[in-house]
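Open the model in your viewer and keep the selection tool ready. This tour tells you what to pick next and what is there.

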Protein chains: 2
Amino acid sequence: MRVRVNAASPFARKVRIVARETGLAERIEEIETTVSPIAPNKELAGANPLVKIPALLLDDGTTLYDSRVICEYLDAAAGGRLFSQGEARWPALRLQALCDGILDAAVLTRYEVAVRPEASRWNEWIAGQRLKIDGGLSALDEAQPGFGASFGIGQIGAACVLGYLDFRFPEIDWRARHPRLKDWFAQVLARPSVRDTTPRA
Amino acid sequence: MRVRVNAASPFARKVRIVARETGLAERIEEIETTVSPIAPNKELAGANPLVKIPALLLDDGTTLYDSRVICEYLDAAAGGRLFSQGEARWPALRLQALCDGILDAAVLTRYEVAVRPEASRWNEWIAGQRLKIDGGLSALDEAQPGFGASFGIGQIGAACVLGYLDFRFPEIDWRARHPRLKDWFAQVLARPSVRDTTPRA
């Protein structure tokens with residue numbers, strides 16, 4: 001298998017962490033792929049019509065996307081340890097959705113402040129996305145005592161959120177308001193899957 | 001159960017169709033909820049920190065989000081007919097992801113052209129999102145012969161895409177380029193679950 005990723009992308013990072021946590025990383029070639037919302041990568045468009053990463057290129061020539069689908073697919077291929085089944089499934093999927101939603105708001109903010117021409121920026125939009133990030137972080141902090149010692153898909157999402165905020169929005173200084181998340185993330189950084197995938201430009 | 005929805009939202013429509021297709025609609029009260037990316041609804045924020053609909057309010061006081069999680073939860077509660085298991089699961093989840101991605105691009109375009117102040121609009125952004133919509137529609141058209149007679153989560157997503165484009169972007173005129181989708185959607189419109197949830201402002 002091959003997977004189109006980008007070292008800066010938090011959604012690609014979810015997949016890269018899952019590949020490592022499931023032991024599948026050696027069977028998956030990571031292809032660094034440049035993406036832009038305004039200059040679509042034509043090679044990527046041939047694999048994923050939404051022109052987004054991550055995109056998993058299967059050996060039969062088909063492609064899987066988006067990050068949620070790829071993560072669940074890889075986990076199932078490895079025996080299904082990271083996605084809970086039964087009643088535990090719903091809090092885990094909600095936690096993943098919470099993290100994906102924080103990341104959506106953060107990535108949209110990044111496009112607004114770093115890609116969009118300065119004259120076209122809209123402060124109310126930035127403020128609206130910031131409310132989602134802040135509210136999402138508070139909910140993540142409340143959920144943290146339930147994380148336990150496990151590192152399932154929800155916790156993987158949380159690691160990608162906190163790492164992305166450190167990478168692109170250090171001024172948010174989430175550690176100051178969320179000491180539980182700070183302590184949890186410090187422990188998580190010891191995992192090779194997390195350390196190996198630290199975001200970079 | 002109660003669910004916060006909005007008659008214009010294509011993501012809420014996924015949930016509303018699933019509620020009807022699973023026979024659970026009578027047990028779920030739909031609460032019409034106003035949302036805006038720049039004027040967050042505080043009541044909604046109390047249920048979903050991302051301040052988005054749909055949000056499913058469970059009887060135990062917890063909330064489930066986003067649309068994918070709610071749809072799978074409702075389907076599981078009803079016996080699991082709309083989400084495939086085994087090898088058929090991955091094409092179905094990819095089809096849902098394709099439709100969600102087209103909808104993300106369409107909703108972002110809607111915000112850009114109908115909510116953002118005119119002086120702050122950015123044509124390259126609109127063009128980039130339009131490429132995702134057009135590429136996504138072509139992929140949907142290619143996938144259509146595989147839809148068969150079933151109406152699972154992927155087909156439900158497709159109905160929400162086509163209905164939303166009719167509602168907000170009639171000028172895209174997707175029927176002109178995708179006659180297979182045109183014929184399929186004409187049949188799908190006969191379903192009460194689809195007819196009952198026609199988007200309105």
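Predicted model: local features only at pLDDT ≥ 70, side-chain atom pairs only at ≥ 80, totals over all residues.

**Stop 1**

Select the strands of chain A. Four of them form an open sheet, in the order β2-β1-β3-β4. The pairing in this sheet is mixed. Which strands stand at the edges? They are β2 (29–32) and β4 (63–64) of chain A. Each has a single partner strand, so one side of each is left without a neighbour in the sheet.

Now pick residues 2–5 of chain A, which make up strand β1. β1(A) pairs with β2(A) in the parallel sense, over four bridges.

**Stop 1: two loops of chain A**

Go to the loop between β4 and α3 of chain A, where you will find Asp66(A). Look at the peptide bond that leads from Tyr65(A) to Asp66(A). Is this bond cis or trans? The bond is cis, with omega near -5°.

Next, select Asp173(A). This residue sits in the loop between α6 (153–168) and α7 (174–177) of chain A. Asp173(A) is not a glycine, yet its phi is positive, at about 45°.

**Stop 2: a link across the sequence of chain A**

Side chains of opposite charge can pair when their charged atoms come close. Show the side chains of Arg20(A) and Asp196(A). They meet in a salt bridge, at 3.9 Å from N to O. Where do the two partners lie? Arg20(A) is in helix α1 (residues 10–21) of chain A, and Asp196(A) is in the segment after α9 (192–195), so the pair ties together parts that are 176 residues apart in sequence. Over all chains, the count comes to 32 salt bridges.

**Stop 3: the sheet of chain B**

Switch to chain B and select its strands. Here, too, is an open sheet of four strands, ordered β2-β1-β3-β4. Its pairing is mixed. At the edges stand β2 (29–32) and β4 of chain B. One side of each is left without a neighbour in the sheet, because each has a single partner strand.

Pick β1(B), residues 2–5. Three bridges join β1(B) to β3(B), and the two strands run antiparallel. Val3(B) stands opposite Leu56(B), which is in β3(B). Now show α3(B). This helix lies across β3 and β4 of chain B, at about 45° to β3(B).

One loop of chain B deserves a click. Find Pro54(B), in the loop between α2 (42–47) and β3 (55–57) of chain B. The peptide bond from Ile53(B) to Pro54(B) is cis, with omega near 0°.

**Stop 4: where the chains meet**

Show both chains together. The contact takes 44 residues from chain B and 44 residues from chain A. Between them, the chains bury about 3900 Å². Of this area, 66% is on carbon and sulfur atoms.

How many salt bridges cross the interface of chain B and chain A? The rule finds six. Zoom in on Arg89(B) and Glu72(A), which form a salt bridge with their closest N and O atoms 2.9 Å apart.

Which elements of chain B give two or more residues to the side that touches chain A? Select β4 (63–64), α3 (67–77), α4 (89–115) and α5 (123–143) of chain B. The largest share, 13 residues, comes from α4(B).

Terms used. Residues numbered from 1 in each chain as written. Chains lettered and ligands numbered in written order. Heavy atoms only, no water. Contact = heavy atoms within 4.5 Å. Buried area = accessible area lost by both parts, 1.4 Å probe. Salt bridge = Lys/Arg side-chain N within 4 Å of Asp/Glu carboxyl O. Pairing = 2+ DSSP bridges. Axes fitted to C-alpha atoms, helices over the stretch in contact; angles between N-to-C directions.
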